[in-house]
Amino acid sequence: MKIINKQIQLSDGRIIEIETGKIAKQADGSAVVKMGGTMLLATVTCAKESVEGTDFLPLQVDYKEKFYSAGRFPGGFMKREGKASDYEILVSRLIDRALRPLFPEDFHLAVFVNVWLISAEKDIQPDALAGLAASAALACTDLPFLGPISEVRVARINGEFKINPNFSEMPEADLDLMVAATHDNIMMVEGEMNEVSEEVMLNAIKFAHEEIKKHCLVQVELNKELGKDVKRDYPHDIEDEELKEKLHAFCYDKCYALAKAGKTKQERQEGFAQIKADFIATLTEEEQTEKAFIIDRYFHNEEREALRNLILDEGIRVDGRNTREVRPIWCEVGTLPYAHGSAIFTRGETQSLAAVTLGTKLDMKEMDEVLIEESQQFVLHYNFPPFSTGDARASRGVGRREIGHGNLAMRALKPVVPLAPENPYAIRLVSEILESNGSSSQASICGGCLALMDAGVKIKKPVAGVAMGLITDAKDPNSRYAILTDILGDEDHLGDMDFKVAGTKDGITATQMDIKVDGLSYEVLAKALQQAHEGRMHIMGEMMKCMSEPREDYKDFVPRIVQIRVASDFIGAIIGKGGETIQKIQKETGTTITITEENNEGVVDIFGTDKESMDKALAWINGICAVPELGAVYHGKVVSILDFGAFVEILPGKEGLVHVSEIAWQKTENVADVLAVGDEVDVKLLEIDEKSGKLRLSIKALLEKPEGYVEPERRPRPNNRDRGDRNNNRREFRRDDRRHKSENKED
């Protein structure tokens, strides 16, 4: 067994280890990445043969966190890891987007990359190591991977950039980016920020890339030491140069002309389909059958080149716009009469219906990951039904793409959404994509922002987002290129970079960038970010024409929340034995009440649709938490009658005794003749026993003393010392008597 161990030292002295040759040796490649007590196992396997008719890379990346890694049991009835969580899918996507462009275009063998978290130190963020682990496993293979790559998290904490910070440091960060790159090129960027400038974001990417270069060099050493630097052969695409030339001569000019005609999406699709059909009609039946797959591939390339050259040569896009132009925008708010907030945002052929629902703490999303256990007060869900692109197929649940797009939109809006204690509501925002032709995630941000304002949520600032593209000349990508504002779906597919930037007028809040071309300079990136800022400001201006600030108040039918803070000592009293008290309050008032403890205080939220009911619940809880005041007058209810007086409840859960002598100025012979259970009476608090806390009340003290009233003569109470002496004498007598009887019995 040959074990190889490589080390990477971070600038602050922390060590990342890469180890291979010890476990999972039957995979094509496997590696363990360690940092502190955190360990990730990555494996790579590759199929021996490709599936006939496959014209894409069947790459499957799965990231999985094992609960045993942190000494925890999985939740749920089965008590075992189940399907991937949203968080695991998001990490899988980060790895996939960095690896996929680095396989040859004609490599169509199925590749499976699995990354498992098998040991988890509590404060180390494992997702920052997952991309490195996957690439290290690939470095242990002879697959034709054009890496290696690495991914790092870069955060700005107190004005300083840091690589792979710990969980405990993140609350102080105003920038959180995941950056993936090869030694020479940036491949992928995704993250969230608190309104930072384009310059700060670009500097963060540069800082991350310098660290990544070290990771890549170590993997190159590993690959050579294992003897895997000579790559395996694989089945290549079948080529037919004669057919390629014939198709180019027939189709290219027609594709170029159609692209320049400024047709709609469906008209272009139909037009391109017709051009291909006309070419196929020129072939023999045998050629049509035998070469159908090759024809599809060659025609796609002609279509792609025609659209790219139209942009590079003439600065014209397929829908007739110039490179900096945003498609027409229309939007409205209050679309859904009984949603708490709603809006439609339409930009060209992309449309989002956004809806907001406000709820209680009971409605918050609970995250139960291996290392992340928290409640999310604000969530955004993104849905992409097939009809949005005119596809006639069934919807089969939420896919990875939808989870990724929803996460990006949520990150963009999260910095401006007020959270507790300023906002007690749980907020769910749903974006339904009704039409799609480019950048539906950014439409979700714009529509979501309008819907939040329509709901009356006091967002700090409006947020808009724009999707950008880049077309470059393959021979000289840094001199001949076109930056595209507000890209179409076709431009996303055929372009060399797509990046999405969202933010307020004062800075960026979220970004996602995928770069598919080598050697792109930071100067081009800087220009693209500046053009994105211009596009974002234009879109925000159109949004503000529809609604520029949140509504003054929530809509009439929106449930309200009243929040109060009480001393933590009262939490148990409000809840009651087995929840009896709080359930009674909710049942009798028709409200929903939640209680949490923060900073040694109880935070009580009363949630309801009826003001009178909420006021009743509030008064009830205030009564439970009220402290009786000596000399104060209370309106109470008689709860029990005894021979020597009556107990009166003056506050919820707080009772005091009205002694028979304190009921009236005249002598009361029988308490039941004067008071009954359920009677409401005014009483005055005369005394609070310091030790027991018992309350002594009086009705008489509030009544006018009768004229000529004479206080009855009170019998003097025996002196305590005399009474104690008598008691001692009795005890001594009883002891002597028992001793005397015992002695007689023995005799």
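**Exercise 1.** Determine whether the crossing of H13 and H14 is left-handed or right-handed, and describe how the two helices are arranged.

*Solution.* In this predicted model, the crossing of H13 with H14 is right-handed.

**Exercise 2.** State which residues of H13 and H14 meet, and classify the contact.

*Solution.* From H13, the residues are Thr581, Lys584, Ile585, Glu588 and Thr589. They meet Ser613, Lys616, Ala617, Trp620, Ile621 and Ile624 of H14. By class, this contact of H13 with H14 comprises 5 nonpolar, 3 polar and 3 charged residues.

**Exercise 3.** Give the strand order of the open sheet of 3 strands, and explain why one side of E22 and of E23 is left without a neighbour in the sheet.

*Solution.* The order is E22-E24-E23, and the pairing is antiparallel. Strands E22 (560-567) and E23 (592-598) stand at the edges; each has a single partner strand, so one side of each lacks a neighbour in the sheet. From one strand to the next, the twist averages 20°.

**Exercise 4.** Find how many bridges join E23 to E24, and locate H14 relative to the strands.

*Solution.* For Thr592, the bridge partner in E24 is Phe607. Finally, H14 lies across E22, E23 and E24, and runs at about 0° to E22.

Note on methods
Residues numbered from 1 in each chain as written. Predicted model: local features only at pLDDT ≥ 70, side-chain atom pairs only at ≥ 80, totals over all residues. Heavy atoms only, no water. Left-handed = near helix turned anticlockwise from the far one by under 90°. Helix = DSSP H or I, 4+ residues; strand = E, 2+ residues; numbered from the N terminus. Contact = heavy atoms within 4.5 Å. Nonpolar A, V, L, I, M, F, W, Y, C, P; charged D, E, K, R; others polar. Pairing = 2+ DSSP bridges. Axes fitted to C-alpha atoms, helices over the stretch in contact; angles between N-to-C directions.
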